[in-house]
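Trainee: Could you show me how to read helix packing and strand pairing in a model? I'd like the general idea and then the case at hand.

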Amino acid sequence: MKNETGLRIMTAEGELRGCMDDDLFVFKGIPYAAAPQGALRWRPPQPVTPWSDLRDATQFSASAWQNRDYCRAVGGGDPGEFSEDCLYLNVWTPDVEPTKPLPVMVWLHGGGYTIGAGGLAPYSGKSLASRGAVVVTINYRLGHLGFFSHPALDAQYPVASTINNFGLLDQIAALQWVQRNIPAFGGDRRNVTLFGESSGARSVLSLCCSPLAEGLFHKGIVQSAYSLPDTPLKKARQQGMAVAKHLGLPPDASAEALRALPADAFWSLDGPLAIQPVPISGDVVLPEPMLKTFFAARQHRLPLMAGSNSDEASVLDYFGVDATAMLHQLRDKNRVIYRMLKWMYDIHDDRRLGRAVARDMAFSVVPWLVMRAQHNVGMPGWRYWFDYVSENARDLYPDGTWHGNEVPYVLNSLSQMPDPNENRPFSDGDRAFASRVSDYWFRFARDASEYKQQLDGEVVWPAWHPADDVTMSLGENHLSGLVLKRNFMRARMRLFRLLMSKMVRL
């Protein structure tokens, strides 16, 4: 009877009917904002029209417009149907009437702001909910429909108050939905962890800098965020005009003409017409570049966990970056730095050295910078390094964990995913390691606070401090160890902090 009662939830917008997955309550395809189409395209997310009938919440919604083949290859699976009507979220909860409100974990999917969806298999909230969290995954606008500037659109706002990061605003609207409704699902609106990977991690950092997101979440987990600078508003506006011209509109095109363009005209744009995998800096959502804000330690004061993987350079191929060629360019310009890098890494093969340098410049340096910024605002931070490779695929990943490969481990969703390619199934050892790792993610969501200086677990994980500089290695030499490393990559990180703006070009 309790299960039958729990399948019907009354939210601020109307009543929902969910389904059961083993002993969990699952609600899919919940609208958190009105459909951003027609006159609402390139507008801030608007409130949902309340409904009076019982609404079915047993199926995932349509995804934002994107490249299906690209998402299948690197984005976590088939995103299903596409629509501009994509602003929906999903909730997994173990108990809608707990004796004590449960920690809430809100997942932001990655995909370079151009692919992905909250309903993809790696992002299943089942395992973390089984541990005692209320898990929320969301869709948000992608590509040009989510991040766009054009004079005709920007003119609709007061001077210096444009809105261009519509995808980030969608994430904020989802967090506002959580504040309104998550108690009905058993969640604690005062203990919300925002976490994500790749562009989802960049979103976490961006919302840590957005004045519009302050107070909507209380801690964050940053998985494999990259150091590419945000797109300046001026550059985004120039690109928007080039896109409009490419799609056949005149230089003085109206906002109405832009909104009349078909939604599927944008996702296939590439080269200089494609958006960068970063937000736009200079609008009301993100007034200052994210990296600049963290360099100055002006981010919101809340606990953060941040880390990266041992072979993040795997993703650079998709951005057309040749790590070896980049290293050779550096060698030709500055042989002193080239020789210094060979000495610091003790790697004398240029392919391997270029891959390691590209990895650290594009990814490893970000968690270290975040930890420094956390220390400077008096907030705890925990830095990790992920270096585990599936037992049946270690010959395929000789350089370590690829970009994104940690996701089904930290969410412990290996059992929710289809078999990997090349008939190399996940092993019992993989699943055991995933359980060990995801325990830290759950403990962070449940226990981390501004007063907490360690995370309990199999290995006690101390918060990062400059004097100790402790990093938790989740995996060691691609195997399943959990090891605390002191002064991990410290000399490299100090060097790259000075060089990052010149060396990374995605």
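This is a predicted model: local features need pLDDT of at least 70, side-chain atom pairs count only at pLDDT 80 or more; totals for chains, interfaces and linings use all residues.

Trainee: At what angle do H6 and H7 pack, and how far apart are their axes?

Mentor: In general, you describe two packed helices by the angle between their axes and the distance between those axes. Here H6 (residues 166-181) and H7 (residues 199-207) pack at about 75 degrees, with axes 11 Å apart. That makes H6 roughly perpendicular to H7, since angles of 65 to 115 degrees count that way.

Trainee: Which residues of H6 and H7 meet?

Mentor: From H6 you have Leu168, Gln171, Ile172 and Leu175, and they meet Ser203, Ser206 and Leu207 in H7. By class, that contact has four nonpolar, three polar and no charged residues.

Trainee: Which residues of H15 are buried?

Mentor: An α-helix has 3.6 residues a turn, so residues three or four places apart point the same way. In H15, the buried residues include Asp430, Phe433, Val437, Trp441 and Phe444. H15 has 20 residues and reaches 28 Å from first C-alpha to last, close to the 28 Å expected.

Trainee: And the strands: how many bridges join S4 to S3, and how many join S4 to S6?

Mentor: Three bridges join S3 to S4, running antiparallel, with cysteine 19 partnered by valine 26. Two residues lie between the strands of that hairpin, where aspartate 22 takes a positive phi near 55 degrees. Five bridges join S4 to S6, also antiparallel, and proline 31 has tyrosine 88 as its partner.

Trainee: Is S4 mostly covered or exposed?

Mentor: Mostly covered: eight of its eight residues are buried.

Terms used
Residues are numbered from 1 along each chain as its sequence is written. Side-chain values use heavy atoms; hydrogens and water are left out. Axes are lines fitted to C-alpha atoms, for helices over the stretch in contact, and angles run from 0 to 180 degrees between N-to-C directions. Helices (H or I, at least four residues) and strands (E, at least two) are DSSP runs, numbered from the N terminus. Angles under 35 degrees count as roughly parallel, over 145 as roughly antiparallel, 65 to 115 as roughly perpendicular and the rest as oblique. Contact means heavy atoms within 4.5 Å. Ala, Val, Leu, Ile, Met, Phe, Trp, Tyr, Cys and Pro count as nonpolar, Asp, Glu, Lys and Arg as charged, and the others, Gly among them, as polar. The expected span of a helix is 1.5 Å times one less than its number of residues. Buried means under 20% relative accessible area, exposed over 50%, partly exposed in between (1.4 Å probe, protein chains only). Two strands pair if DSSP finds at least two bridges between them.
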